[in-house]
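Keep the structure open beside the text.

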Amino acid sequence: MSTPLENWVEEVSRLTKPKTVVWCDGSEAENNRLTEEMLGDGTFLNLNEHTYPKCYLHRSNPNDVARTEQVTFICTKKKEDAGPTNNWMSPAEGKQRVGPLFDGAMAGRTMYVAPYILGPASSPYSKVGVEVTDSAYVVANMRIMSRMGRVAQERLGSSEDFVPGLHSLGDLDPAKRFVMHFPEEKLIWSVGSGYGGNALLGKKCFALRIGSWMAREQGWMAEHMLILGLEDPSGKVTYMAAAFPSACGKTNLAMMVSALEGEGYRVWTVGDDIAWMHSGPDGYLRAVNPEAGFFGVAPGTNQKSNPNVMKALSRNSIFTNVGLTRNREPWWEGIQDAAPMGLEDWQGRPWTPSLGPAAHPNSRYTVPAQQSPSISKRWEDPAGVPISAIIFGGRRAHLAPLVYESFDWEHGVYVGASMASETTAAATGAVGVTRRDPMAMLPFCGYNMGDYFGHWLEMGKRVKHPPRVFHVNWFRKNAAGQFLWPGYGENVRVLKWMLERIEGRAGARETPIGLVPEEKGLTMSGLALAPRALEELFEVNAEEWKKDLAEVGAFLGKFGERLPVGIRKQMEMQWKRLEQASRG
Ligand code: OXD
Ligand code: MN
């Protein structure tokens, strides 16, 4: 008798008509074989085997370098269930339009069947997915980013409890590119792109879009959040999860080398992009990282911004769309001061400044998580780590202070729902435009975000000890356009204040938007800022916030009846506090 997985694989191979079918076991031998094949056909280029052993460069089609939100669809029977922030098609239309693109799409190619686990292999919170793909590059990435192969096959057995994901590169024609989610039947279809967020189906498609749908059905949370542990001088570790939009520094924060290490504060990494959080038996929100690797943005990464990842990525890593030095080492803007002689750009052209950046602004590294010197001892704890703080944040040149704390959980949900950030190169489209991005989930919530806010409010009731909620902004600028805060390892000062708030050791000053550190509340030893910088960092301008609230109102208004009463109430309360502040 064949298993549900065998039946599905049979069904998709009848549709896609591959030359051969390979079931991936995730072994070293298999990886070596695929690597040899990719080196042979040019999918991979060898890097310097002394300085970057077992590292490879992949150059993608120049039209396929980032997530494509405009062709990403949530296919639910009712349009309202996808909500106003998602592109929608009915499941029938989705299948009718995209199905033909899979017909014969793998002719002459190998079809790989890659079973994978999201989450620690033995955790009750983990889930199995199976990606069928005609891209060996995707398989090599999935092997780093998830627990792929035999371990997943064994967990699945003959069960039907897996999320199937069908992926084909198709002909990489952007006009025939679609990333389709069918959350009611927990199915993913992606065609026409080999780019990470579109093609590694465990990441955004399963762990976030299908994951968030499952999480609401089953009473847990799937979030676009890093997970870190802050160790204090006594050795106690407090765990925090932070939601920032793509390419806003989640990886760097999660892997930070603390500027207060001398005082005994260290940061440990549990995850850098996604958190699955359940109400634990102890009454705490327990988080696991569904992923096993980091798919991080390369440009700007260096010894100062992220020394841990620089160590981690020097072996067993895949680089996508970075530059290549004469020494066959990867190169990107910000890795060091000047571009070396003889550099090739991300498209393999001899680089000159007139070509623009040598590395694509969304070029990436794929690195096994356990290679980071900052990896937490508990990163694969099957019970998850208890979360004491949730941090929201984004890139905002103006308005938002360095840090503030919400008054309570419900207000915290409003803070997340009203988040905004300047767009980055992680998705196609204009860069630097401020857009509302609730909980950093705008491109990733697999259902109506009005219901999603309601689910957040519910979770606050379900969890006996809900985390405290904070908002940070490392990117505030002064009138001259300079950053007010140095960021990176100095951000630990803000985490330390949060820890002191959690432990009831730090006071706070009330503002209309939340609680900010009291004067001298932030540890500033060893850090000299420009005069007035701290004042500017914490300024809350009621008039500006009123304008922002009008935008929040227009955005949240789109959810109509689906916007929870609790969020409406918070908007009204915010307005009243701002009015009061303006009256002085
Ligand atoms: C990512 C993204 O790759 O958010 O993590 O785009
Ligand atoms: Mn992300």
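This is a predicted model: local features need pLDDT of at least 70, side-chain atom pairs count only at pLDDT 80 or more; totals for chains, interfaces and linings use all residues.

Begin with the largest pocket. Its volume is about 920 Å³. A total of 46 residues line it, and A247, C248, G249, N252 and R395 sit closest to its centre. Several elements contribute. Helices α8 and α9 (250–254) each supply at least two lining residues, as do strands β18 (293–297) and β22 (364–368). Helix α9 gives the most, with 4 residues. What is the make-up of this lining by class? It divides into 21 nonpolar, 15 polar and 10 charged residues.

Move on to the second largest pocket. About 620 Å³ of space lies in it. Its lining holds 27 residues, and those closest to the centre are N31, R143, I144, N316 and P368. Which of the elements gives the most? Helix α2 does, with 6 residues. By class, the lining of this second pocket has 10 nonpolar, 10 polar and 7 charged residues.

Now find the manganese ion, ligand 2. Its protein donors are K204 through NZ, H224 through NE2 and D273 through OD, lying 2.2 Å from the ion. What spacing do these donors follow along the chain? The pattern is K-x19-H-x48-D. Look at where the lysine and the histidine come from. K204 belongs to helix α8, while H224 lies in the loop between β12 (221–223) and β13 (226–231). The two are 20 residues apart, and the pair links distant parts of the chain.

K204 has 5% relative accessibility, so it counts as buried. H224 has a relative accessible area of 0%, so H224 is buried too.

How many cavities of 30 Å³ or more does the model hold? The count comes to 2.

Take the largest cavity. About 120 Å³ of space lies inside. It is lined by 15 residues, and R396, Y404, S418, W545 and D548 lie nearest its centre. Helices α11 (409–417) and α15 (542–557) each supply at least two residues of this lining. The largest share comes from α15, with 4 residues. By class, the lining of the largest cavity divides into 10 nonpolar, 3 polar and 2 charged residues.

Finish at the second largest cavity. Its volume is about 50 Å³. The residues that line it are L118, M142, M145, S146, L200, G202, K203 and E291.

Notes
Residues are numbered from 1 along each chain as its sequence is written. Chains are lettered from A and ligands numbered from 1 in the order in which they are written. Side-chain values use heavy atoms; hydrogens and water are left out. On a 1 Å grid over the protein atoms alone, a cavity is a set of points where a 1.4 Å probe fits but cannot get out, and a pocket is an open set with protein on both sides within 12 Å along at least five of seven lines; lining residues have an atom within 4 Å of a point. Grid points are joined across faces, edges and corners, and a volume is the space filled by probe spheres set on the points. Ala, Val, Leu, Ile, Met, Phe, Trp, Tyr, Cys and Pro count as nonpolar, Asp, Glu, Lys and Arg as charged, and the others, Gly among them, as polar. Donors are N, O and S atoms within 2.8 Å of the metal (3.2 Å for Na, K and Ca); water is not among the atoms, so sites may look incomplete. Buried means under 20% relative accessible area, exposed over 50%, partly exposed in between (1.4 Å probe, protein chains only).
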